Amino acid sequence: MTEGVIYLWILAGLFVGLLAYTIKKKGVLNAATYVIGIYTLASFCSISYYSSIFFDFLSEPAKVELPGVLYLFAILLIFFIPLLMLPKRINRYSIDPERFKVIYYIVFFISVICLFYNFLNHGIQVKNLMDDFVDIRNENYENDTVQLNIVGRLITGYLSAFNVFAIPVSMFALFVLKYRKVLSSIFFGIAVATPVYSSFVVAGRSEVVNMILLLGFTFFIFKDLISRKAYKSFMKGLIIMGSLVGIYVLYANFMRFEDEETPASLFLFKYAGESFVNFSGILYPQIIGLTYGASSFGLFRRLIGLSYISDLSELRALVERSTGTPGYIFYTFAGNIFRDFGAVFTLILGGIYAKVVSGILPRTESDAVKTGTLMLISFLGNLYLPGLFYFSLYSQIGNISIILAIILYFYLNSGEQKVFIANTIHNEQSEKE
């Protein structure tokens, strides 16, 4: 057993300890347990991947070192603090119905427009699922739309940012508020179908996997606010959808790599665990410079008058020139921020994030959580879950969605709030007079 494998076992042990603590404090069916459980599983996958005899054929030269392992766990733990601060259950919520309806219809109609536009461009023909299975990637860069007309640029370059909120808004309307059930069912169906369709038309996997992960995360946020009947129905649906996604990913993996000399099954461990190996074995020990926000916050750089790279290949080239490390492999979301700002400032930024977000979250089960806060918590799933691989909000669309999340938080938390309480026995809602 090499030293690097031992260090990854240490990382896995730290995650197991954190998971055990989270289960003890929050229970099994909890958003924090859900996220940390996925990271714990990934840590064991990183061991299988790194210790494989085929590792040198699948990866950039990497030597996992203890400082990188410990730093990675420390920075992830800091970013996990808001999750750990959430109460075990959210039993009350408050809402301004009129403000929520505004957001509901805006997100709904934009979701319809985006799906319809994508359908017009791609139709019902999807690529042969045995020909090409693309890696996780982002296709929302500004340069991807320069050949489009003004409508296409508006939809793919800006309006698509609203799709990030389709799942939490539609789920809240359908399962918590039970608002216009037929329309909300259509809305929820579109929220799920959009990433599935996007994955199929490129014979990809990332969007459908991210969708099912975010669906589960949002459900764990809302689960104590929905009726027992809806809870059971959604759990069954989530298990069925998760199974179908799992089958699809397995099929995709084995079809893509069946002719490779290395076992196709090893690529599953690679995708799940490579980010930990890449961070602690490549990025942390080898970085020679920083990208100063270009890696993760390009739109914000442009807003303050700094240079902004929208082309994916150019951005990767910049990352490689600036950091001395590959720009096309994954380092977790913390890795994106790390190569932007370095070790010290990433810790500071993580601390600021944890302090600010934890300060606006509910602390006890008796707290009535405003709808804007619920939407913000759900939005954070986009940081944590795709974040196992990379910072998924780093494109123009991603940066815009960050701004939208802040706007939605303040807008939905304003106005005249009505408080609702979920009965802890029958889990049925009643308005607090």
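At 52% relative accessibility, E98 is classed as exposed, where exposed denotes over 50% relative accessible area, buried under 20%, and partly exposed the range in between (1.4 Å probe, protein chains only). E98 forms a salt bridge with K101, with 3.7 Å between the closest N and O atoms; a salt bridge is defined as a side-chain nitrogen of Lys or Arg within 4 Å of a carboxyl oxygen of Asp or Glu. K101 is partly exposed, at a relative accessible area of 30%. Helices (H or I, at least four residues) and strands (E, at least two) are DSSP runs, numbered from the N terminus.

The model is predicted, so local features require pLDDT of at least 70 and side-chain atom pairs count only at pLDDT 80 or more, while totals for chains, interfaces and linings use all residues. Residues are numbered from 1 along each chain as its sequence is written, and side-chain values use heavy atoms, with hydrogens and water left out.

The structure contains four salt bridges. Side chains of opposite charge can pair when their charged atoms come close. One of the bridges joins R99 and D96, with an N to O distance of 3.7 Å. R99 is partly exposed, with 24% relative accessible area, whereas D96 is buried at 10%. Another bridge links K270 to E274, the closest N and O atoms being 3.2 Å apart. K270 and E274 are four residues apart in helix α11 (residues 264-286), which means a separation of about one helical turn.

The protein chain comprises 17 helices and four strands. Of its 433 residues, 55% are buried. Among contacts (heavy atoms within 4.5 Å) with a separation of 6 or more, 81% are between residues 24 or more positions apart. The accessible surface of the chain is about 19100 Å², and carbon and sulfur atoms account for 64% of this area. Accessible areas were calculated by the Shrake-Rupley method with a 1.4 Å probe; for residues, only the protein chains shown count as cover.

Two packed helices are described by the angle between their axes and the distance between the axes. Helix α2 (residues 31-50) and helix α9 (residues 206-222) have axes that come within 8 Å and cross at roughly 150°. Axes are lines fitted to C-alpha atoms, for helices over the stretch in contact, and angles run from 0 to 180 degrees between N-to-C directions. The two helices α2 and α9 are therefore roughly antiparallel, a class assigned to angles over 145 degrees. On the α2 side, A31, Y34, V35 and I38 meet I212, L213, G216, F217, F220 and I221 of α9.

F217 and I221 are also among the contacts of S378, which touches P168, T218 and F222 as well, leaving aside neighbours within four places in sequence. S378 is located in helix α15 (residues 371-379) and is buried, at 3% relative accessible area.

On the surface, V344, F345, I348, I352 and V356 form a nonpolar patch with about 470 Å² of accessible area together. Patches consist of residues with over 30% relative accessible area and no salt bridge, with like charges joined within 9 Å and nonpolar side chains (Val, Leu, Ile, Met, Phe, Trp, Tyr) within 5 Å. I352 lies in helix α14 (residues 332-360) and is partly exposed, at 47% relative accessibility.

How values were computed
Angles under 35 degrees count as roughly parallel, over 145 as roughly antiparallel, 65 to 115 as roughly perpendicular and the rest as oblique.
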